[in-house]
Amino acid sequence: MIWQILLLSGLILFSILAILSKDLIKSAISLALASLFLGILFFQMNAPYAGVFEISVVAGLITVLFMLTIALTKAEGDVRESKLARLIFPLVFVAFILIDVLVMKGLLQKVPALPDTSEPGAFGDVLWKQRTFDLVGQLAIILAGVFSVLALFRKRNKDE
Amino acid sequence: MAFAAGLLFVGLYCLLTMKNVIKLFIGIEVISKGVSLALLATGFVKKNTLLAQSLVITFIVVEVSLVATALAIIINIYRHTKSLDIRKLTKLKG
């Protein structure tokens with residue numbers, strides 16, 4: 001339990017660093033560290049497949065894509081973020097946490113408890129047999145992503 | 001669940017206050033972390049981690065596709081406007 005709270009606190013801390021840091025490279029690295037914490041948390045919650053995906057894809061691949069984009073758009077200096085947003089953030093965040101703790105406690109008690117639907121079987125059975133439609137959707141989304149990136153980076157004719 | 005709500009808040013704050021397009025997208029990523037944490041935490045509490053895992057994996061695949069497309073759009077925006085400032089994207093204003 002203590003480990004989980006530490007990991008969750010690290011996740012929140014690095015997410016805050018990712019949005020408040022002035023340097024975009026530092027923001028991307030903080031985001032990757034937050035993903036790493038989330039992946040370890042998934043392992044702690046008995047979800048190893050989700051943890052592996054989170055660490056390899058989100059912490060690895062997406063960070064590389066962010067770094068590439070930051071390297072290709074060397075224009076960090078031209079956007080001035082307001083200092084007020086950075087200064088106010090701790091106050092607003094503490095206020096939100098207080099409201100969150102107070103409201104969530106009451107709200108979660110009011111929500112009717114769903115029955116435990118624990119099911120025996122392997123992860124593969126659930127993914128391939130129960131969620132087959134999701135897999136088809138995933139394939140469609142990957143293809144859509146590939147074609148949209150190809151369309152965005154296609155070379156233009158001189159006539160256009 | 002309170003931590004997932006905290007992540008959603010951090011991401012929304014970023015979306016509302018920042019002006020750099022890449023920063024805004026980092027905010028969206030933080031929100032997506034909150035959503036995947038909420039999904040898996042619910043599955044963990046209800047002792048149904050297998051289904052929650054498959055949903056989280058689907059979510060991650062969608063997220064990767066979204067990131068690739070959005071970053072390609074950001075690079076194209078930079079090529080057109082020579083800036084990453086969201087306020088300079090006013091050509092689509094009605």
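Ser83(B) is partly exposed, since 17 other C-beta atoms lie within 10 Å; here a residue counts as buried with 20 or more other C-beta atoms within 10 Å of its own, as exposed with 12 or fewer, and as partly exposed in between, the C-beta atoms being placed from the backbone. Ser83(B) is located in the segment after α3 (49–81) of chain B, where helices (H or I, at least four residues) and strands (E, at least two) are DSSP runs numbered from the N terminus. The C-alpha atom of Ser83(B) is separated by 9.0 Å from that of Asn20(B), 63 residues apart along the chain. The model is predicted, so that local features need pLDDT of at least 70 and side-chain atom pairs count only at pLDDT 80 or more, whereas totals for chains, interfaces and linings use all residues. Residues are numbered from 1 along each chain as its sequence is written, and chains are lettered from A and ligands numbered from 1 in the order in which they are written.

Within chain B, α2(B) and α3(B) pack with their axes 9 Å apart and at an angle of about 175 degrees, the axes being lines fitted to C-alpha atoms, for helices over the stretch in contact, and the angles running from 0 to 180 degrees between N-to-C directions. This makes α2(B) roughly antiparallel to α3(B), given that angles under 35 degrees count as roughly parallel, over 145 as roughly antiparallel, 65 to 115 as roughly perpendicular and the rest as oblique. The residues of this contact comprise 15 nonpolar, five polar and one charged, with Ala, Val, Leu, Ile, Met, Phe, Trp, Tyr, Cys and Pro taken as nonpolar, Asp, Glu, Lys and Arg as charged, and the others, Gly among them, as polar.

Between the chains, 62 residues of chain A are in contact with 54 residues of chain B, contact requiring C-beta atoms, placed from the backbone, within 7 Å. On the side of chain A that touches chain B, α3(A) gives the most, with 12 residues, and the residues of that side divide into 41 nonpolar, 13 polar and eight charged. Across the two chains, α6(A) and α3(B) pack at an angle of about 10 degrees with their axes 9 Å apart, and are therefore roughly parallel to each other. The residues that meet include Asp134(A) and Leu152(A) in α6(A), and Ser54(B) and Asn76(B) in α3(B).

The buried residues of α1(A) include Leu7(A), Phe14(A) and Leu20(A), and what covers the buried residues of α1(A) includes α2 (24–44) and α4 (83–110) of chain A together with α1 (2–17) and α2 (21–45) of chain B.

Methods. Two residues are in contact if their C-beta atoms, placed from the backbone, lie within 7 Å.
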